[in-house]
Amino acid sequence: KCYRTLMGAFALYYGGAPEGPAGTGKTESTKDLAKALAIQCVVFNCSDSMDYLQLAKFFKGLASSGSWCCFDEFNRISLEVLSVVAQQIQQISIAIKRRVDRFIFEETEIKLVPTCAVNITMNPGYAGRSELPDNLKALFRPCAMMV
């Protein structure tokens with residue numbers, strides 16, 4: 001069911017957002033689907049010390065390589081950074097929808113490989129976790145994971 005949800009999301013130019021308690025296979029499911037499609041998937045553990053410039057560098061590499069990423073515990077990032085990240089992800093998504101070969105991202109022209117995708121996992125309800133801003137929620141298709 002998770003694979004179907006994620007594939008449906010990618011077909012509609014959204015990212016995947018598996019969420020649920022620890023140990024339910026959110027990250028593993030994302031990695032396994034990428035492996036089945038022969039696409040590299042980079043897992044990145046998020047923390048509250050991350051800033052938008054650090055993430056912009058990550059997104060540049062992602063868009064120019066065509067890889068997937070899985071931001072683990074994405075809701076640990078601070079709200080201020082999350083709202084900028086929403087704009088960055090949306091910029092990549094728009095470029096993919098327009099089927100361009102190159103686009104300007106954070107004042108740099110980069111090559112676009114349209115297989116790139118951003119996935120996030122969340123453990124809702126834990127201390128120190130943010131609720132995602134609406135402009136960011138709109139970019140992802142949620143998928144509930146249970147034991």
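A polar contact is a pair of N or O atoms within 3.5 Å; within protein, one must be able to donate a hydrogen and the other to accept it, and residues adjacent in sequence count only if both atoms are side-chain atoms.

**Ground rules**

I am working with a predicted model, in which local features need pLDDT of at least 70 and side-chain atom pairs count only at pLDDT 80 or more, while totals for chains, interfaces and linings use all residues. I number residues from 1 along each chain as its sequence is written, and side-chain values use heavy atoms, with hydrogens and water left out.

**Entry: T5**

I looked up T5 and found it in helix α1, residues 2–11. Helices (H or I, at least four residues) and strands (E, at least two) are DSSP runs, numbered from the N terminus. The side chain of T5 reaches the backbone oxygen of K1 at 3.0 Å. Is T5 buried or exposed? T5 counts as buried because its relative accessible area is 15%, and buried means under 20%, exposed over 50%, and partly exposed in between (1.4 Å probe, protein chains only). Leaving out residues up to four places away in sequence, T5 touches R141, P142 and C143; contact means heavy atoms within 4.5 Å.

**Entry: N119**

Next I went to strand β6, where N119 sits. N119 has a relative accessible area of 0%, so I noted it as buried. Its side chain reaches the backbone nitrogen of G16 at 3.2 Å. Not counting residues up to four places away in sequence, the residues that N119 touches include L6, F10, W68 and F140.

I found G25 in the loop between β1 (15–19) and α2 (26–36). With a relative accessible area of 27%, G25 is partly exposed. I also checked G25 against L79: they are 54 residues apart in sequence and 26 Å apart in space, C-alpha to C-alpha.

Most residues other than glycine have a negative phi. A38 lies in the loop between α2 and β2 (41–45), and it is exposed, with a relative accessible area of 72%. R99 is not a glycine, and it has a positive phi of about 60 degrees. Its place is the loop between α4 and β4 (102–105), and at 66% relative accessibility R99 counts as exposed.

**Entry: the whole chain**

How many helices and strands does the protein chain have? I read off five helices and seven strands, in the order α-β-α-β-α-β-α-β-β-β-α-β along the sequence. The C-alpha atoms fill a box of roughly 40 × 35 × 20 Å, taken along the principal axes. For 147 residues, a compact globule would have a radius of gyration near 15 Å, and the chain has 14 Å, which agrees. That radius is taken over C-alpha atoms, and the globule rule is 2.2 Å times the number of residues to the power 0.38. Of the 147 residues, 45% count as buried. Among contacts between residues at least 6 apart in sequence, 77% join residues at least 24 apart.
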